[in-house]
Amino acid sequence: MSLSLLPPPPTSPRAESAPRRVARHLVDTSARAGILSRPLLERFPLRRWVPSEVHTLLDYRAGVAAVVAGHLSEDGTARRAGWALGASLVGITLLTDARLSVSKLIPIEVHELFDYVHGAAAVLAPFALGYAKRHPLTAAAHVLLGLSSLAVALVTDYRCQTGMHLGGEHLTDPEGIGA
């Protein structure tokens, strides 16, 4: 009898550790991970390799960082800009149809468009509102947060959880966008 026909040896059932389960969950790109969003402009040349859940965590971090950077400034305009940038990012992330959100009210495509608008606003805010020269550290933090938001948005594999899309249903695809 061939060894390849033998069943695998029994293994003891062992619970998967929490960090390993979370890591596996974050890199899951199967159909179980969610429903793909439509590619930006219907055809996007970049490979989408950042999981949607990692993007969501980065959005929460960037929102808090924008508020903190503004709050540490002594300038009222920079403080208000930080609160506006941070609260809007955290707010829309909490309401997006994604795995790590509280409520799934906003389609993932709207969140993607918001990421580009928000990133550009964070880059331009210090110059448009005039606090770039008065508080360069706050301005640098907002610009860097905006640039990182734009960069991450370009390579995020956006997936929704309920199938809510702009313009109707979209099929679940077991592969990542651009795979």
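**Cores, salt bridges and a helix in a predicted model**

The largest nonpolar core of this predicted model has 15 residues, and Leu85 and Tyr131 are those with the most contacts inside it. A nonpolar core is a set of buried Ala, Val, Leu, Ile, Met, Phe, Trp, Tyr and Cys residues joined through side-chain atoms within 4.5 Å. Buried means under 20% relative accessible area, exposed means over 50%, and partly exposed lies in between (1.4 Å probe, protein chains only). Two or more residues of this core come from each of helix 2 (52-72), helix 3, helix 4 (108-128) and helix 5 (136-154). Helix 3 gives the most to the core, namely five residues. Helices (H or I, at least four residues) and strands (E, at least two) are DSSP runs, numbered from the N terminus.

The model is predicted, and local features need pLDDT of at least 70, side-chain atom pairs count only at pLDDT 80 or more, and totals for chains, interfaces and linings use all residues. Residues are numbered from 1 along each chain as its sequence is written, and side-chain values use heavy atoms, with hydrogens and water left out.

Leu85 touches Ala66, His118, Ala121, Ala122, Ala125 and His142, when residues up to four places away in sequence are not counted; contact means heavy atoms within 4.5 Å.

In one of them, Glu53 pairs with Arg99, and the closest N and O atoms are 3.0 Å apart. Because Glu53 lies in helix 2 and Arg99 in the loop between helix 3 and helix 4, this pair ties together parts that are 46 residues apart in sequence. Glu53 is buried, with a relative accessible area of 4%, and Arg99 is buried as well, at 19%.

Asp75 forms a salt bridge with Arg134, where the closest N and O atoms are 2.9 Å apart. Asp75 lies in the loop between helix 2 and helix 3 and Arg134 in the loop between helix 4 and helix 5, so the pair ties together parts that are 59 residues apart in sequence. Asp75 counts as buried, at 13% relative accessibility, whereas Arg134 is partly exposed, with a relative accessible area of 45%.

Attention now turns to helix 5. Its 19 residues should span 27 Å at 1.5 Å a residue, and its end C-alpha atoms are 27 Å apart, which agrees; the expected span is 1.5 Å times one less than the number of residues. The buried residues of helix 5 include His142, Leu145, Ser149 and Val152. The buried residues of this helix pack against strand 2 (50-51), helix 2, helix 3, helix 4 and strand 3 (156-157).

Ser149 lies in helix 5 and is buried, with a relative accessible area of 10%. Ser149 touches Asp115, His118 and Gly119, not counting residues up to four places away in sequence. Ser149 and Val117 are 32 residues apart in sequence and 9.8 Å apart in space, C-alpha to C-alpha.

The surface comes last. Leu94, which has its place in helix 3 (residues 76-95), is partly exposed, with a relative accessible area of 30%.

Definitions and conventions: Salt bridge = Lys/Arg side-chain N within 4 Å of Asp/Glu carboxyl O.
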